[in-house]
Amino acid sequence: AALLAARAPYNKKVILIDAPRNSGALMNEATGEDLSIGGPTGLFSKALRDAGKRISVSSLKGMGLRDDSVWNEVVTSCLELASSNARDTVRQLEYAGITYVQGNAAFADSGGSSSLFVTAEDNSITTIQASKILLASGSTPFRPGGIPFDGKRVFDSDSINTLSYLPKSVAIVGSGIIAIEFAKIFKNLGADVTLIIRDDIPRNALMKIGLDKDIAATLVADLVRSGIKIERGAQVKKFHVPRDNAKAPIVLDIEAKGGGTRASGAATTVKCDIYLAAVGRKPNTASLNLQAAGVKTDSYGGVEVDCELKATSTGGNVYAAGDVLGRPFLASTGMAQGFAAVRIMFDGEASSATSGGYSNSDMCSVGDLSMTGDSFDPKSLAANPFAFPVG
C-alpha cells in the first residue's frame with residue numbers, strides 16, 4: 001500500500017511506521033534487523049515451510065547430525081530467506097522515497113485524526129502530521145485462559161518464532177489455516193503431529209472461515225494422508241508441563257467438546273514435546289489511542305469501516321486494511337484491502353484511466369473487501385471467483 005501511494009500516478013509523500021518487536025514479528029537478534037517487513041503476519045511459518053521443503057531432516061539425521069545441528073540448519077535457512085525478502089523490501093522503500101520509521105504510533109490526545117505520536121525504542125517521541133492515515137497494524141494471537149504459555153514448550157502462533165530446538169512430537173490446538181499450516185510444517189520436519197479440534201467434522205471448521213467445501217475436504221484428507229493424527233470433537237482439559245525435566249513429555253488430558261468423557265476408544269491423553277495454540281487472532285488496536293481520533297472499533301477491537309474502508313474519525317481521513325479490521329485474517333484479503341484503500345484515498349486526484357479504473361462507487365458495489373470483523377461473511381470471499389484465486 002505504501003509503495004502504491006508513493007508511485008505514479010499518486011506520487012505521495014509516504015511515511016511507513018512499524019513496531020516489529022512489539023508485534024511478535026521475526027527479528028534477527030544478532031543484528032537487530034527487522035526480518036518481517038514486506039512479509040505477512042505469519043512470515044516465520046512461511047520461512048519454516050520453505051525450509052522444510054529445501055532441507056531433508058531425515059537425510060541430515062541419516063548423516064549422523066544431531067537434532068540441534070539439524071535445527072540450526074533449519075533456522076539459518078529461515079533467517080536467510082526472511083532477510084533476503086526484508087532487504088529487498090527496504091530497497092524498494094528507499095527507491096520510492098518512502099520514510100521508514102520504527103516505533104509505536106498512537107493518535108495524540110488533542111490532535112484529532114491527523115496527528116500521531118511515535119515512540120521509539122529509546123523512548124524518544126516524534127510527532128507526525130498526515131492528511132491521510134492508513135491503519136494496517138496487523139494482529140496478535142488470541143490467548144485463551146488456562147493455557148500455561150511459557151515460550152519454551154507452550155506457544156502461541158507468534159511466540160513459536162522463538163522455538164530453539166527440533167521437537168520430536170507436537171500437539172496443535174486449532175482448526176484454521178494457521179493450525180493446519182504448522183501441522184504440515186512440523187510433519188515435514190519429521191515430528192509426530194496431533195491436531196486437536198473442537199469440531200466433530202474438520203471440514204466444517206474450515207468452511208466457517210470461507211474455504212470452499214471441496215477444497216476443505218481435500219485439505220483434511222491431505223492431513224490424514226500425511227500421517228497427522230486428528231483428535232475430533234475434543235479439547236484440552238488439563239496441562240501437565242514438567243518443570244524440572246525438559247526432556248520429559250508434556251501430558252495433555254483430553255475431554256469431549258464442551259466437557260465430559262470422550263467416546264469409547266478415543267484418546268484421553270496426548271503426549272508431546274511442545275504444544276501450540278492456534279485458536280484465532282485479534283486486531284492490534286489497543287495501543288493506538290483510537291478513541292482520541294474518533295475511530296470506532298467492534299467488540300473484538302477491530303476497526304469499523306464503511307464500504308470504502310474508511311473508519312469513523314474526527315477528520316474523515318482515516319482508513320484501515322488487513323488484520324486490524326478483524327476476520328478473515330488472511331494475507332490475500334489484507335493486501336487487496338490495502339491497495340483498494342490507497343486507490344479510494346487518491347483516485348479523486350488521478351484519472352481512473354491511469355489508476356486502474358477504480359472508483360468509490362465501484363468499491364462499494366463490490367462490498368466483499370469491507371465485510372470484516374463482526375460483519376464478516378465467509379461467502380464474501382467467493383463472491384468474485386477471480387479476486388483470490390487458489391494456487
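**Ground rules.** I am working with a predicted model, where local features need pLDDT of at least 70, side-chain atom pairs count only at pLDDT 80 or more, and totals for chains, interfaces and linings use all residues. Residues are numbered from 1 along each chain as its sequence is written, and side-chain values use heavy atoms, with hydrogens and water left out.

**Entry: helix H5.** I began with H5, residues 177-188. Helices (H or I, at least four residues) and strands (E, at least two) are DSSP runs here, numbered from the N terminus. From first C-alpha to last, the 12 residues of H5 reach 17 Å, close to the 16 Å expected at 1.5 Å a residue; the expected span is 1.5 Å times one less than the number of residues. I then looked up which H5 residues are buried (under 20% relative accessible area; exposed is over 50%, partly exposed in between, with a 1.4 Å probe and protein chains only). They are Ala179, Ile180, Glu181, Phe182, Ala183, Ile185 and Phe186. After H5 comes Gly190, with a positive phi near 95°.

**Entry: aromatic pairs.** Rings of Phe, Tyr and Trp (its six-membered ring) pair if their centres lie within 6.5 Å; planes under 30 degrees apart are stacked, over 60 edge-to-face, and the rest tilted. By this rule I get 3 aromatic pairs. One of them, Tyr10 with Phe346, is tilted, at 5.9 Å centre to centre and 45° between the planes. This pair links distant parts of the chain, 336 residues apart: Tyr10 is in the loop between helix H1 (2-6) and strand S1 (15-18), and Phe346 is in helix H8 (residues 331-346). Tyr10 is buried at 7% relative accessible area, and Phe346 is buried at 9%.

Relative accessibility is 2% for Phe182 and 1% for Phe186.

**Entry: Asp156.** Is Asp156 buried or exposed? I find it buried, with a relative accessible area of 5%. Asp156 belongs to strand S10 (residues 154-156). A polar atom of its side chain lies 2.6 Å from the backbone nitrogen of Ser159. Leaving out residues up to four places away in sequence, Asp156 touches (heavy atoms within 4.5 Å) Pro141, Arg143, Phe149, Leu276 and Ala277.

Two of those names came up again: the charged end of Arg143 sits over the ring of Phe149, 4.2 Å from its centre. That call needs NZ of Lys or CZ of Arg within 6 Å of the ring centre and within 35 degrees of the ring normal.

Terms used: A polar contact is a pair of N or O atoms within 3.5 Å; within protein, one must be able to donate a hydrogen and the other to accept it, and residues adjacent in sequence count only if both atoms are side-chain atoms.
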